[in-house]
Amino acid sequence: MFMIAHRGASGHAPENTLASFRLALELGARAVELDIHQSRDGELLVMHDDDFRRVGGRRVKVRALTLAQAQGIDIGSWFSKGFRGERVPTLGEVYDLVDGRAEVHVEIKHGGSVYPGIEARLAAFLERRRAWPRTVVSSFDHRALFAVRALEPRARLGYLLGLTTMGKAWREMEWMRAESLNISLRQASARRVRQARERGLRVLVYTVNTQKELDRLAKLGVDGAFCNYPELNHA
Ligand code: G3P
Ligand code: MG
């Protein structure tokens, strides 16, 4: 199965940091997943939540901070003392480390309604880096995915299902020409995998952290798994 290091090797290092992506590569990951938000001065920042409460002990929203202010926050110590001083990376910093060594799954946490221009900024970034072929853009915010598709016919899109009903989801995936249906462990069933397969879609499942879960998904015929422990594997 295709293993995607979820927020880097986030079982071993603080999520979405250069340390976690470096470790994922060392552990042999062929793909990494990361989440993006946008700072007040329009930088694409790699982090999961829209504030620094959980990883930096600060309640402040990332969209209210400049890049310099956001990078003043230590986001490693919460995980363990050895990671003290890790900073929120820009998308560019992660690509400098990872690109060419692993496929990158970029999850847009909120589209243009929260972060004006984020889709165009991401598209321009991927264009500059010539990284479209090695990048899959995913989101629970399907309007953001439609916006990326409108900007780039070659974009590879992963449709995060969330609470959307299947009827609507199949239609939207066809319209936007998604390449994968991305679902949670609980949403993964043999029927759903079969239906996706009939429509030419891959199925990627999050977040898979035990061999037992991985074995169940392999039996269902799932294509890939987002995993905090990229050393886990299934032939
Ligand atoms: O893309 C899979 C997974 O990352 C989606 O959920 O909350 O971990 O970003 P979350
Ligand atoms: Mg994510």
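**Entry 1: strand β6**

I started at V106, which stands opposite V137 in β7. The model is predicted: local features need pLDDT of at least 70, side-chain atom pairs count only at pLDDT 80 or more, and totals for chains, interfaces and linings use all residues. Residues are numbered from 1 along each chain as its sequence is written, chains are lettered from A and ligands numbered from 1 in the order in which they are written, and side-chain values use heavy atoms, with hydrogens and water left out.

I took helices (H or I, at least four residues) and strands (E, at least two) as DSSP runs, numbered from the N terminus. Strands pair if DSSP finds at least two bridges between them. By that rule β6 and strand β7 (residues 135-139) are parallel partners, with four bridges. On strand β2 (residues 31-38) I found six bridges to β6, also in the parallel sense. There I36 has I108 of β6 as its bridge partner.

I then looked up burial, where buried means under 20% relative accessible area, exposed over 50%, and partly exposed in between (1.4 Å probe, protein chains only). In β6 (residues 103-108), six of six residues are buried. E103, H105 and E107 point one way, V104, V106 and I108 the other, and all are buried.

**Entry 2: helix α7**

For α7 (residues 166-176) I listed M166, A169, W170, E172, M173 and M176 as buried. Their cover includes α6 (142-151), β8 (156-160), β9 (180-184) and α8 (190-198), with contact meaning heavy atoms within 4.5 Å. After α7 comes R177, with a positive phi near 55 degrees.

I checked W170 for a charge and found the charged end of R199 over its ring, 4.3 Å from the centre. The test asks for NZ of Lys or CZ of Arg within 6 Å of the ring centre and within 35 degrees of the ring normal.

**Entry 3: aromatic pairs**

I searched the whole structure and got four aromatic pairs. One of them is W78 with F79, edge-to-face at 5.5 Å centre to centre and 85 degrees between the planes. Rings of Phe, Tyr and Trp (its six-membered ring) pair if their centres lie within 6.5 Å; planes under 30 degrees apart count as stacked, over 60 as edge-to-face and the rest as tilted. F79 and F83 have ring centres 5.7 Å apart and planes at 75 degrees, so I logged this pair as edge-to-face. W78 is partly exposed at 39% relative accessible area, and F79 is partly exposed at 28%.
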